[in-house]
Amino acid sequence: MSFDNLGLSSPLLRALADLGYTSPTEIQQLAIPHVLQGRDVLAGAQTGTGKTAAFALPLLQRLAAGTPATSKRPRALVLTPTRELAAQVHESVRDYGKHLRIRSATVFGGVGMVPQVEALRRGVDVLVATPGRLIDHLGQGTVDLSQIEVLILDEADRMLDMGFLPAIKRILTKLPHKRQTLLFSATFAEQIRELAKQFLHNPAEIQVAPRNSTVEMIEHVVYPVDTAKKRDLLLHVLSLDSRRQTLVFSRTKHGADRLVKLLEAAGMKAAAIHGNKSQGARTKALSDFKNGRITALVATDIAARGIDIDQLPTVINFDLPMVAEDYVHRIGRTGRNGSTGHAISLVCHEEAGQLREIQKLIGREITQEVIVGFEPNQPLKMCGPMPRPSGSPRPQQRRAGGGGRGPANGRSNGASAGAGNNRSGAAQPRRSQNSDRRV
Ligand code: AMP
């Protein structure tokens, strides 16, 4: 299928051609016709599926056909959980609408109010906002939502996780009843269904698989390690290819800062991105990472939402997330656009429960590999050995000294999974013959 079949106008088709998009993704194929018809939509799609264009393209088409916004009265509102996602969505709206006369702006915290107030006063058609800062503007009378024609709740599940439900409900009371509402969410917990029931009218329901499913496109591996040795193992893994762009996840903000100090002390170029950083620092870290000035970006889960980096080969989970879904969000940053990504998790025995939940969610066991020199004293007691496909190479273990080469994919080397798996091979590490990756 091509974009021509979706009923999009020629200025939008030209913008898509400029961007090099040749065919619509699944969510775009499914959602765009409904949105163009003016229907409400409840869509299950996560970052990486092309969901932004799925709502932004038909939205721009609708707005371009109407009357431009007047002062302080935007015509469309996109609510996002984080500043990064707001900035990302705004960039996409601008890219897709570059041949149209549509004005857009963002409002989010961490930056001054004045430029936002000015932009709103001049008039914007599409306002992309985080809930907290939008409430501030509402309180100060610098925005009036009475002319909103379309509301988009982007990553609604994450907004609820972050406690934005009261803010969203408050914002919704300021919107006209007659409007189009689109709700995008990676998951459909009960609360999301409730929200949809309350605020969507007879929505078209759409569900798509992640574009690069965690199972197919990404090589997952767990390195069992004791907590005390995790930092050294991280340094070891990163030092094996210090030019490789790597996104490292830390569960806490302080943990992220500590890791950056560790990496910098080891001579690596790193920066952290988390909620305690100023917006300026977050934007700079992200752009430094995107253009290669730093090779390791250490992020917390929430800050990482909206990070869109094509061709990011490696994600390392320094610790596992408390919520299994976050694992999927984390690794969704790699293996995009058809490339193969690597998701490495450093897991201590205290995290066995979290690993079990993650495996349940993604529907597969993740290969465990013990790195020589980092054998845990307390093994990960959680699952039996991974089944080895017939004809696959014998179990491997990796050398700590940098000479070890990994398997071509995570499935071929499963035998070190399981409790106490460093017993047999640690003394005589083998090299895998079929590797394309060093660890
Ligand atoms: P999203 O899920 O909206 O965050 O989009 C993920 C990535 O896919 C972004 O880098 C988009 O620019 C890109 N993208 C979206 N739609 C398409 C498409 N039809 N063809 C190629 N890339 C796309």
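**Notebook: cores, ligand and one glutamate**

I began with the largest nonpolar core, which has 39 residues, and found that Leu8, Ile27, Phe55, Leu57, Val126, Ile152 and Leu182 touch the most other members. For a nonpolar core I took a set of buried Ala, Val, Leu, Ile, Met, Phe, Trp, Tyr and Cys residues joined through side-chain atoms within 4.5 Å. Buried means under 20% relative accessible area, exposed over 50%, and partly exposed in between (1.4 Å probe, protein chains only). Helix α3 (residues 51–64) supplies the largest share of this core, eight residues. Apart from this core I noted another, of 32 residues, including Leu77, Ile148, Phe164 and Leu195.

I noted that the model is predicted: local features need pLDDT of at least 70 and side-chain atom pairs count only at pLDDT 80 or more, while totals for chains, interfaces and linings use all residues. Residues are numbered from 1 along each chain as its sequence is written, and side-chain values use heavy atoms, with hydrogens and water left out.

Next I looked up isoleucine 152. Leaving aside neighbours within four places in sequence, Ile152 is in contact (heavy atoms within 4.5 Å) with Phe55, Leu59, Leu77, Val78, Leu79, Leu182 and Phe184.

Then I turned to the whole protein. I counted 16 helices and 13 strands; these are DSSP runs, helices being H or I of at least four residues and strands E of at least two, numbered from the N terminus. Of the 439 residues, 57% count as buried. Among contacts between residues at least 6 apart in sequence, 77% join residues at least 24 apart.

The ligand came next. I found 15 residues around the ligand, the closest being Tyr21, Gln28, Gly48, Gly50 and Thr52; a residue is near if one of its heavy atoms lies within 4 Å. An N or O atom in the side chain of Tyr21 is 2.3 Å from a ligand oxygen. From the backbone, a polar atom of Gly50 is 2.7 Å from an oxygen of the ligand. Alone, the ligand exposes 500 Å², and the protein buries 85% of that; areas come from the Shrake-Rupley method with a 1.4 Å probe, and for residues only the protein chains shown count as cover.

Last, I checked glutamate 219. Glu219 sits in strand β8 (residues 218–224). Is Glu219 buried or exposed? Glu219 is buried, because its relative accessible area is 4%. The Glu219 side chain makes a polar contact with the side chain of His342 (3.2 Å). A polar contact is a pair of N or O atoms within 3.5 Å; within protein, one must be able to donate a hydrogen and the other to accept it, and residues adjacent in sequence count only if both atoms are side-chain atoms.
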